[in-house]
Amino acid sequence: MEKRKIDCQAKWLHIKYDGEDRDDECVNELSIYQNADESELQMLVSNIDFDNISHDNTFALTKEDARVLIDYLQKWIE
C-alpha cells in the first residue's frame, strides 16, 4: 500500500503518494486551490520528469463539475 502525503495549507490541498511513480518513475502531485470569491476550483497536476524538470497542467473545475465529481466518487467508494 502506498503512503499518501496529504497537506492542506490555507486554501491549497496537495496530494502526493509514494509509488505513484511506478508507471514512469516520475512523481506526480495534485494541487487544488479554492477561493470562496471565485466560482471555480483551480487544479494543478505537476509531473517531475527524468531531468527533474516540473511540467504543470492546470484545469478549472466549476461548482457543477464538482457536484458531478462528488456523485461519481461517492458511487466509486460505496
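The legends below describe close-up views of one predicted model. Residues are numbered from 1 along each chain as its sequence is written; side-chain values use heavy atoms, with hydrogens and water left out. In this predicted model, local features need pLDDT of at least 70 and side-chain atom pairs count only at pLDDT 80 or more, whereas totals for chains, interfaces and linings use all residues.

**View 1. The chain and its secondary structure.**
The chain has five strands and one helix, where helices (H or I, at least four residues) and strands (E, at least two) are DSSP runs numbered from the N terminus. Read along the sequence, these elements follow the pattern β-β-β-β-β-α. Of the 78 residues in the chain, 14% are buried, a class that means under 20% relative accessible area, with exposed meaning over 50% and partly exposed lying in between (1.4 Å probe, protein chains only).

The largest pocket holds about 350 Å³ of space. On a 1 Å grid over the protein atoms alone, a pocket is an open set of points where a 1.4 Å probe fits, with protein on both sides within 12 Å along at least five of seven lines, and lining residues have an atom within 4 Å of a point. Grid points are joined across faces, edges and corners, and the volume is the space filled by probe spheres set on the points. The residues that line the largest pocket are L13, I15, L30, I32, L41, M43, L61, L69, L73, W76 and I77. At least two lining residues are supplied by each of β2 (12-17), β3 (28-33), β4 (40-48) and α1 (63-77), and the largest share, four residues, comes from α1. By class, the lining has eleven nonpolar residues, no polar residues and no charged residues; here Ala, Val, Leu, Ile, Met, Phe, Trp, Tyr, Cys and Pro count as nonpolar, Asp, Glu, Lys and Arg as charged, and the others, Gly among them, as polar.

**View 2. The nonpolar surface patch.**
L69, Y72, L73, W76 and I77 make a nonpolar surface patch of about 600 Å². Patches are made of residues with over 30% relative accessible area and no salt bridge, like charges being joined within 9 Å and nonpolar side chains (Val, Leu, Ile, Met, Phe, Trp, Tyr) within 5 Å. The accessible areas come from the Shrake-Rupley method with a 1.4 Å probe, and for residues only the protein chains shown count as cover.

Side chains of opposite charge can pair when their charged atoms come close. The count comes to two salt bridges, each being a side-chain nitrogen of Lys or Arg within 4 Å of a carboxyl oxygen of Asp or Glu. In one of them R67 pairs with E64, and the closest N and O atoms are 3.5 Å apart; R67 and E64 are three residues apart in helix α1 and so are separated by about one helical turn. R67 is exposed at 52% relative accessible area, while E64 is partly exposed at 48%. D71 forms a salt bridge with K75, with the closest N and O atoms 3.2 Å apart, and both residues lie in helix α1, four residues apart, about one turn of the helix. D71 is partly exposed, with a relative accessible area of 39%, whereas K75 is exposed, with 57%.

**View 3. Two loop residues with positive phi.**
Most residues other than glycine have a negative phi. A10, although not a glycine, has a positive phi of about 50°; A10 is found in the loop between β1 (4-9) and β2 and is exposed, with a relative accessible area of 88%. N52, also not a glycine, has a positive phi of about 65°. The loop that holds N52 runs between β4 and β5 (54-62), and N52 is exposed, with a relative accessible area of 63%.

**View 4. Residue pairs separated in sequence.**
C8, in strand β1, counts as exposed at 59% relative accessibility. C8 and Y33 are 25 residues apart along the chain, and their C-alpha atoms are separated by 10.0 Å. S54, in strand β5, is partly exposed, with a relative accessible area of 38%. S54 and V27 are 27 residues apart in sequence and 9.7 Å apart in space, C-alpha to C-alpha.
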